[in-house]
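Hello,

Here is the structure I said I would pass on. Please open it first, then read the notes below beside it.

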Amino acid sequence: MKVDFVHEQTTNIEQINMKKVALITGITGQDGSYLAELLLEKGYMVHGIKRRSSLFNTDRIDHLYQDPHDPDQRLKLHYGDLTDSMNLTRIIQEAQPDEIYNLGAMSHVAVSFDTPEYVGNVDGLGTLRILEAVRILGLEKKTRIYQASTSELYGGMAENKNERGFYDENSPFYPRSPYGVAKIYGFWITKNYREAYDMFACNGILFNHESPRRGETFVTRKITRAVAKIALGLQEKMYLGNLEAKRDWGHAKDYVRMMWMLLQADKAEDWVIATGVTTTVRDFVRLAFEEVGIELEFKGAGVNETAVVKSINQEKYNQATNSSVRVPEQSEGVSRTQQRHPELVSGSANRKQPVIGQEVLSVDPSYFRPTEVDLLIGDPSKAKEKLGWVPEYDLKALVQDMMQSDVLLMKKDVDLLKAGHEILKQAE
Ligand code: NDP
Ligand code: GDR
């Protein structure tokens, strides 16, 4: 039975879902926030684990907040950590979840080279702690578990692709980072608990997925934020690492829908979720600039590669930036505040439209990784055929979504700074 069919059932399935309880580790992350939205829409009671931090770390889910005093509260957050077995066991006992989505992880590949032991503990052993807690609590026949596995398991080894040139569920693994190695433990321990204890535990082997909520230090978001700032004249250029790396980029919204579908399937299995299209980091940069009407020319190679503005489609640029970049008239003069804080002032002379020939990108080798995954491309045929998964976003739509969101975000920042400037000016 295709899961889409389950989706389309009306009252009966919705009534069943009304009673379902889910627990999400990593609810404050990109995927956790979209998944929480999806499950709440479906009528689930959602429990989420958040870490204690010295600053609020719930920005991505603040719009879902529900008053704990409300008797109909359907989103409950628990303090916790994947390194703490007792804490996890207690939360699982309290929530009695029908479904656990283990999305919590130190998820940055480059950072995993700096914190390898921690990554092993959280991303590897953390998965074991969840599985073992479910078993100890005798919930192994009730609770279905989704493990956030990753295309990093393949390590981009060319010889391990299938005959059609993709990585699929049968391709061998060869992880290339402490993150990938920790996640391979998570993958195998999930499979082992499924086989040893007949638990409904699935691995979603997800290829890169992005969104306006993507963490700012992953390459796509780093690019869209920088391009928005460059377009608005708030920054001159950006620095990136390996422009040759190729990734299979999808939209996080499509991928979290698939996580849910995997746990509704008849049988626990492992699944590749991908778009089947791969693109270089360089082309992602090109596409992002195109969204604001700027065409780039790439020059040089390797560490000496740069990109300059080749042409500007003024109509598209104006439309994308909503004419918010205003080069000041000479006659407007410069106030004392502007002189002291030119960087804070919208419309000040240092905030200008990019110009032809401007260098907007250089390579900084400090972003290179000790071992790199050169190329990833996934074959999602199994998920499409068996579960009827149909992604809504292609790469262009993804880039468009991220660019529109970041241009808006940067403009809001500018407006806030401008408002601050007006207040300062009035105080002078
Ligand atoms: P994010 O980095 O956006 O979110 C990670 C989440 O894990 C955050 O909520 C974070 O909390 C939490 N977390 C980190 N360390 C711990 C810990 N010690 N204990 C409990 N929670 C912790 O990742 P994504 O949403 O992008 O990814 C979700 C999962 O999917 C991750 O496991 C990732 O490795 C995996 N994955 C992601 C892919 C992608 O392209 N996005 C592709 C394939 C797999 P805090 O907010 O406090 O930092
Ligand atoms: P990745 O994502 O390592 O694939 O892991 P990331 O966006 O960090 O890197 C993708 C590729 O871009 C190259 N790159 C840069 N990367 C970053 N972060 N910053 C740069 O300045 C830069 N310049 C070039 C990288 O070298 C790499 O080749 C993501 C994470 O979400 C993992 O948790 C997840 O498991 C995998 O995707 C699938």
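**What was found**

The helices α6 and α7 pass each other in a right-handed crossing; a crossing is right-handed if the near helix is turned clockwise from the far one by less than a right angle, and left-handed if anticlockwise. Helices here are DSSP runs of H or I with at least four residues, strands are runs of E with at least two, and both are numbered from the N terminus.

This is a predicted model, in which local features need pLDDT of at least 70 and side-chain atom pairs count only at pLDDT 80 or more, while totals for chains, interfaces and linings use all residues. Residues are numbered from 1 along each chain as its sequence is written, and chains are lettered from A and ligands numbered from 1 in the order in which they are written.

**Helix pairs**

The axes of α6 and α7 (residues 178-197) come within 7 Å and cross at roughly 15 degrees. Axes are lines fitted to C-alpha atoms, for helices over the stretch in contact, and angles run from 0 to 180 degrees between N-to-C directions. The two helices α6 and α7 are therefore roughly parallel to each other; angles under 35 degrees count as roughly parallel, over 145 as roughly antiparallel, 65 to 115 as roughly perpendicular and the rest as oblique. Among the residues in this contact are Val119, Leu128 and Leu131 of α6 and Ala182, Ile189 and Tyr193 of α7. Two residues are in contact if their C-beta atoms, placed from the backbone, lie within 7 Å. By class, the contact of α6 with α7 has 11 nonpolar, 5 polar and 3 charged residues. For these classes, Ala, Val, Leu, Ile, Met, Phe, Trp, Tyr, Cys and Pro count as nonpolar, Asp, Glu, Lys and Arg as charged, and the others, Gly among them, as polar.

Helix α6 (residues 116-136) also meets α4 (residues 85-95): their axes come within 9 Å and cross at roughly 50 degrees. That angle makes α4 oblique to α6. The crossing of α4 and α6 is right-handed. On the α4 side the contact uses Ser85, Leu88, Thr89 and Ile92, and on the α6 side Arg129, Ile130, Ala133, Val134 and Ile136. In this contact of α4 with α6, 6 residues are nonpolar, 2 polar and 1 charged.

A further pair is α3 and α9, whose axes come within 9 Å and cross at roughly 60 degrees. The crossing of α3 and α9 is right-handed. Residues in this contact include Tyr34, Leu35 and Leu38 of α3 and Val256, Met259 and Trp260 of α9. The contact of α3 with α9 has 8 nonpolar, 1 polar and 3 charged residues.

**Sheets**

One open sheet has 7 strands in the order β3-β2-β1-β4-β5-β6-β11, with parallel pairing. Two strands pair if DSSP finds at least two bridges between them. The edge strands of this sheet are β3 (75-79) and β11 (270-273), each pairing on one side only. From one strand to the next, the twist averages 20 degrees. Strand β6 (residues 201-206) and β11 pair in the parallel sense over 4 bridges, and asparagine 203 stands opposite aspartate 270 in β11. Helix α4 lies across β1 (21-25), β2 (45-50) and β3, at about 160 degrees to β1. Helix α9 (residues 252-264) lies across β4 (99-102), β5, β6 and β11, at about 155 degrees to β6.

Another open sheet has 4 strands in the order β8-β15-β14-β13, with mixed pairing. Its edge strands are β8 (238-240) and β13 (294-299). Strands β8 and β15 (residues 359-363) pair in the parallel sense over 3 bridges, and methionine 238 stands opposite leucine 361 in β15. Helix α10 (residues 281-290) packs on this sheet and touches β8, β13, β14 (306-312) and β15.

**Ligands**

Ligand 1 is surrounded by 26 residues, the closest being Gly26, Gly29, Gly104, Ala105 and Ala148. A residue belongs to such a shell if its C-beta atom, placed from the backbone, lies within 6 Å of the molecule. Two or more residues come from each of α3 (30-41) and β5 (144-150), and α3 gives the most, with 3 residues. The shell around ligand 1 divides into 8 nonpolar, 15 polar and 3 charged residues.

Ligand 2 is surrounded by 22 residues, and the closest are Ser107, Val109, Thr150, Gly241 and Ala245. The elements giving two or more residues to this shell are α5 (109-112) and α8 (219-231). The shell around ligand 2 divides into 10 nonpolar, 7 polar and 5 charged residues.

Regards
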